[in-house]
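Could you walk me through this model in a viewer, one selection at a time? I'd like to know what to click next and what is there.

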Amino acid sequence: MKAPKPEATGDGSLTLHHPDYGQTYHSRHGAVTESRHVFLEQGGVGERLRAGAPTRVLEVGFGLGLNFLLGADLALAHDTVFDYAGLECALLPRRRLAELDYGRWLAHHGLQQALLAALPEQPPATGCIRMRHGTVHLELLLGDATARPWQGRFHAVWLDAFSPDANPELWTEPFLAALADALLPGGCLSTYSARGAVRRALQAAGLRVEKRPGPPGKREMLRAWRD
Ligand SMILES: C[S@@+](CC[C@H](N)C(=O)[O-])C[C@H]1O[C@@H](n2cnc3c(N)ncnc32)[C@H](O)[C@@H]1O
């Protein structure tokens, strides 16, 4: 795989371009802004953490760890348990994640260091990495997410794969149905995509789907509830 190149996004936070997928890991209009909007706020996780409700999250695509770090930072600020499971098939070497300096967006400066310390410099393709930092528990499940390696159910599912065209195996009807099954009653799946086929697959999986305003640069996104 060719090395991705760091890029500044609209809010000053960095992301990487992935040459094989032909996409950036986050919105060019603002990586941190997109993450907070789509996953923390629209996905209901921010509200839960601020209310002190222990929260289990499953993320499809750990990527550069930005969504995890922002969620974990909020959990630490509210002394709330954040139990996060991330799926990733191509974890980047630790030094490439360190270059993104996401610690500067966090109130808890030790958090990014704790994450980096838990990651190997050259990550294996498969296996499990665990980290505990205060009320934050991370479980990183390395390998193909379509093998559905998670266990149990979650208050939130963050569907943050590359786009359906670029990363189709993570947007199939059976995989979306498996993600819907992974939600606890009252749980919410959120994604930046507003594509009709995704909306219909989530509805077919029994979820109540809502279109919501997207982050900067995107008119709409989806969130879907297990009632
Ligand atoms: C858009 S990026 C995720 C960005 C991430 N959520 C963050 O906060 O930095 C999508 C991620 O999904 C991963 N991915 C793509 N296909 C996968 C698969 N079949 N199984 C597991 N991970 C996959 C990619 O390697 C990439 O890291």
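Start by selecting Gly206, which follows helix H7 and has a positive phi, near 95°. Helices here are DSSP runs of H or I with at least four residues, strands are runs of E with at least two, and both are numbered from the N terminus. Before you click on, note that this is a predicted model, in which local features need pLDDT of at least 70, side-chain atom pairs count only at pLDDT 80 or more, and totals for chains, interfaces and linings use all residues. Residues are numbered from 1 along each chain as its sequence is written, and side-chain values use heavy atoms, with hydrogens and water left out.

Now step back into H7 itself, residues 196-204, and colour Gly196, Val198, Ala201 and Leu202, which are buried. Buried means under 20% relative accessible area, exposed means over 50%, and partly exposed is in between, using a 1.4 Å probe and protein chains only. What do the buried residues of H7 pack against? Show helix H6 (173-181) and the strands S9 (183-191), S10 (208-213) and S11 (220-225), and you have the partners. Contact here means heavy atoms within 4.5 Å.

Next, zoom out to the whole chain. Along the principal axes, the C-alpha atoms fill a box of roughly 40 × 40 × 35 Å. Of the 227 residues, 54% count as buried. Among contacts between residues at least 6 apart in sequence, 65% join residues at least 24 apart.

With the surface on, go to the largest pocket, whose volume is about 670 Å³. A pocket is an open set of points on a 1 Å grid over the protein atoms alone, with protein on both sides within 12 Å along at least five of seven lines; a cavity is a set where a 1.4 Å probe fits but cannot get out, and lining residues have an atom within 4 Å of a point. Grid points are joined across faces, edges and corners, and a volume is the space filled by probe spheres set on the points. Which residues lie nearest the centre of the largest pocket? Pick Gln23, Thr24, Tyr25, Ala161 and Phe162, out of 38 lining residues. Strands S3 (23-24), S4 (55-60) and S5 (82-88) and helix H3 (66-77) each supply at least two residues of this lining. By type, the lining divides into 16 nonpolar, 14 polar and eight charged. Ala, Val, Leu, Ile, Met, Phe, Trp, Tyr, Cys and Pro count as nonpolar, Asp, Glu, Lys and Arg as charged, and the others, Gly among them, as polar.

The second largest pocket has a volume of about 180 Å³. Select Asp83, Tyr84, Arg130, Leu138 and Glu139, which lie nearest its centre among 15 lining residues. S5, strand S6 (127-133) and S7 each give two or more residues to that lining, and S7 has the largest share, with four.

While you are at S7 (residues 136-142), click His137 in that strand. Is His137 buried or exposed? His137 is buried, because its relative accessible area is 18%. Leaving aside neighbours within four places in sequence, His137 touches Val81, Phe82, Asp83, Tyr84, Met131 and Arg132.

Now for the inside: there is one cavity of 30 Å³ or more, and the largest cavity holds about 40 Å³. Show its lining: Leu64, Leu69, Leu97, Tyr102, Gln112, Leu115 and Leu116. Helix H5 (residues 110-118) brings the largest share, three residues.

Last stop: Asp101, in the loop between helix H4 (94-98) and H5. Phi of Asp101 is near 50°, a positive value in a residue other than glycine. Asp101 counts as partly exposed, at 38% relative accessibility.
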